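Here's a quick look at how aromatic rings pair up in this one. Have the viewer open as you read.

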Amino acid sequence: MEWLWWIGAALLFAVVEVVTLSFVLIMFAGGALVAAIANAFGWPFWAQVVVFGVVSTIFLLTFRRWLVRRFRTSTPVARTNADALVGREAVTIADVSESGGRIKLNGEVWTARVARGALAVSSGEHVRVVRIDGATAVVEPLTLGTGAADAPGPAVTGGA
């Protein structure tokens, strides 16, 4: 009946592995299954424990590396938080220059500045987020050469 303890341990390792996804406990589950087979052949308990340890170690050193590599390459990396905003389009709600401005990005108002070397962008123009620096979006005009100086329409001059 000792084999039931090994099967129970294997099931417990497998359930916890589903939660952690570390590919470590599943190797222990495999070792416990092989130890249950050793018990079925009538091996003494100390030999079962040795089989469990040796098989688990072999599994960890061989199969885990392959599983982790396969899992990571087959799972697409989901960009989240600020990384997910890079490359998105936004609309300026205030003039944006190298010193600052404001944009509406993904339904939220962000402080923004144009990327180094880019022209200032007037309010209402579309921009693309190049990167996020802290809480500031670094943007560039959506089409090259369209900044405040190149914007179509009447020129805005100072004075009231």
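Phe13 counts as partly exposed because its relative accessibility is 22% (buried is under 20% relative accessible area, exposed is over 50%, partly exposed is in between, with a 1.4 Å probe and protein chains only). This is a predicted model, where local features need pLDDT of at least 70 and side-chain atom pairs count only at pLDDT 80 or more, while totals for chains, interfaces and linings use all residues. Residues are numbered from 1 along each chain as its sequence is written, and side-chain values use heavy atoms, with hydrogens and water left out.

*The wider picture*
- Searching the whole structure turns up 7 aromatic pairs (ring centres within 6.5 Å, using the six-membered ring for Trp; planes under 30 degrees apart are stacked, over 60 edge-to-face, the rest tilted).
- One aromatic cluster takes in Trp6, Phe13, Phe28, Phe45 and Phe52.

*Phe13 with Phe28*
- These two make a tilted aromatic pair, 5.7 Å centre to centre with 50 degrees between the planes.
- Phe13 sits in helix α1 (residues 2-20) and Phe28 in helix α2 (residues 25-40), so the pair links distant parts of the chain, 15 residues apart (helices are DSSP runs of H or I, at least four residues, numbered from the N terminus).
- Phe28 is partly exposed, at 25% relative accessibility.

*Phe13 with Phe52*
- Phe13 and Phe52 are stacked, at 6.4 Å centre to centre and 10 degrees between the planes.
- Since Phe13 lies in helix α1 and Phe52 in helix α3 (residues 45-74), this pair ties together parts 39 residues apart in sequence.
- Phe52 counts as buried because its relative accessibility is 19%.

How values were computed:
Helices (H or I, at least four residues) and strands (E, at least two) are DSSP runs, numbered from the N terminus.
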